[in-house]
Amino acid sequence: MSYRRKPLWRILLDEFRRVEEEMSRIEDEFIRRIKEAEGMRGCITPLHNLYESGDEIIFTADMPGSSKEEIDLRVGENYIRIEAPCKSPIRGERKYLLHVELPVEIDPTSVRARYKDGVLEVVARKRLRGFRIRVE
Amino acid sequence: MKETYEGVEIVETKPIEGEGFIVIEGFPDVGLVGSIAASFIADRLGMKEVGYVDVEALPPIISVRDGKILELIRIYRKDNLLAILSDVPVPASIVKPFSRELMNWIQSKKPKLIISLTGIPEPNRLNIDKPKVYVLASNAELAQKLYEATGIDRFKDGFIAGIKGMLLKEGVRRGIDTILISAQSHFNYPDPGSAAEVVKYVSKILQIELDVKPLLESAEELKLKLRDLMRRTSQMMQGVQKSRELERPPVYL
């Protein structure tokens, strides 16, 4: 039996693939949980994103098939909760349900929201506590 | 020298003979713009399945539609037009060798033009009613010709990550006319509106009639149907540093 040492790039590539497989397994588990929860509750978890920009947080959720009048949006100092009907001509009426814990506290009275082209956008000011320091 | 990647097998179930092919690829990435646009084009033109791409690194799953078993990456044809459609994102770790192998096969078909379709991430997409479309060509003459024929803006500065970038790079290296048509798009929400703009430019370039009205009318349903593919694609995009497309290349002078 002959033994040939693997070149370094091959070792690195194999390692990269191993890490990718592991990540893929974790991600698959994450998606499985979302799909199982959707199946159990009969609700849709919308695709969503949360950004921090200066003094604000910007949250968006992709919720096609709903309407701004029917979106029940509730906001606390550290969470956003959305419940809304999702009307699909093929699959009938279902429901969007999403509860997101925020990474920073917000001022719930500062929140503004709009629903455009099937995307809900929520913008809120962060609650900032602290002192102003003079820079020397 | 780069080692041949043996994990890709391209099978022609109906022999693809001839030359001067125009190849459209719609692998999933930003906003699934390429997938939506390429699938729409294949559907509207009544293209027929003529082959598939088997990739060793893909998960062991099959796609079933209306009781019919489908390959995950399929090749469609009508006359001299070929379309490559995929139900799965290509894993980040094999994007480079996969692109090379795919390009080897495309090159063997003596292509006239390769058209990659994609979305370009636009954080402000919600405020844009009509996404702008850009083209990036593998050579300056081709870019000029497209500009004169369609008035399409040129993609000037930035990064293109993933399979779209690799196919374009291979196109430049091999001297094969390759273009990337991209439209401003949501990063990780399916964006049929952006795909419709891309389709309009493809129809101009190919000089074929493609009415995007049915695509826009089914936009909400499409967005719902494509949520799961978008989730998987978002994860793949992290692996190929797709966020780089939001950056500008360094300029020192």
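A residue counts as buried if 20 or more other C-beta atoms lie within 10 Å of its own, with C-beta atoms placed from the backbone. The legends below describe a predicted model.

View 1. Strand β7(A) covers residues 112–116. Of its 5 residues, the number buried is 0, so β7(A) lies largely in the open. Its pairing with β8(A) is antiparallel and runs over 5 bridges. Within this pair, A:Arg114 stands opposite A:Glu121 of β8(A). The hairpin of β7(A) and β8(A) leaves 2 residues between the strands. There A:Asp117 takes a positive phi near 50°.

View 2. Strand β3(A) spans residues 56–62 and is mostly covered. Of its 7 residues, 5 are buried. β3(A) pairs with β2(A) in the antiparallel sense over 7 bridges. A:Asp62 in β3(A) is the bridge partner of A:Leu47. The pairing of β3(A) with β8(A) is also antiparallel, over 7 bridges. Here A:Glu56 stands opposite A:Arg125 in β8(A).

**View 3. The turn of the β2(A)–β3(A) hairpin.** Strands β2(A) and β3(A) form a hairpin, with 2 residues between them. A:Gly54 sits in the turn. Its phi is positive, about 55°.

**View 4. The two domains of chain A.** Domain 1 of chain A runs over 7–41, and domain 2 of chain A over 43–125. Their centres, taken over C-alpha atoms, are separated by 28 Å. Each domain gives 4 residues to the contact between them. On the domain 1 side, 2 of these residues are nonpolar and 2 are charged, with no polar residues.

**View 5. The contact between chains A and B.** Chain A contributes 18 residues to this contact, and chain B contributes 16. On the chain A side, α1(A) (8–41), β2(A) (47–53) and β8(A) (119–125) are the elements that give two or more residues. The largest share of that side, 5 residues, comes from α1(A). By class, the chain A side has 7 nonpolar, 4 polar and 7 charged residues.

**View 6. The open sheet of chain B.** This sheet has 9 strands with mixed pairing. Their order is β1-β3-β6-β7-β2-β8-β11-β9-β10. The edge strands are β1(B) (8–12) and β10(B) (153–154), each pairing on one side only. Helix α2(B), residues 95–108, packs on the sheet. The helix touches β1(B), β2(B), β3(B) (48–55) and β8(B) (111–121). The direction of α2(B) makes about 30° with that of β1(B).

**View 7. Strands β2 and β7 of chain B.** Strand β2(B) covers residues 21–26, and β7(B) covers residues 81–86. The two run parallel and are joined by 5 bridges. B:Val23 has B:Leu82 in β7(B) as its bridge partner.

**View 8. Helix α5 of chain B.** This helix covers residues 192–206, 15 residues in total. From its first C-alpha to its last, α5(B) reaches 20 Å. That is close to the 21 Å expected at 1.5 Å a residue. The buried residues of α5(B) include B:Pro192, B:Gly193, B:Ser194, B:Ala195 and B:Ala196. Also buried are B:Glu197, B:Val198, B:Val199, B:Tyr201 and B:Val202. B:Gln207 follows the helix, with a positive phi near 55°.

Methods: Residues numbered from 1 in each chain as written. Chains lettered and ligands numbered in written order. Predicted model: local features only at pLDDT ≥ 70, side-chain atom pairs only at ≥ 80, totals over all residues. Pairing = 2+ DSSP bridges. Helix = DSSP H or I, 4+ residues; strand = E, 2+ residues; numbered from the N terminus. Contact = placed C-beta atoms within 7 Å. Axes fitted to C-alpha atoms, helices over the stretch in contact; angles between N-to-C directions. Nonpolar A, V, L, I, M, F, W, Y, C, P; charged D, E, K, R; others polar. Buried ≥ 20, exposed ≤ 12 C-beta atoms within 10 Å, placed from the backbone. Domains from an automatic or database assignment. Expected span 1.5 Å × (residues − 1).
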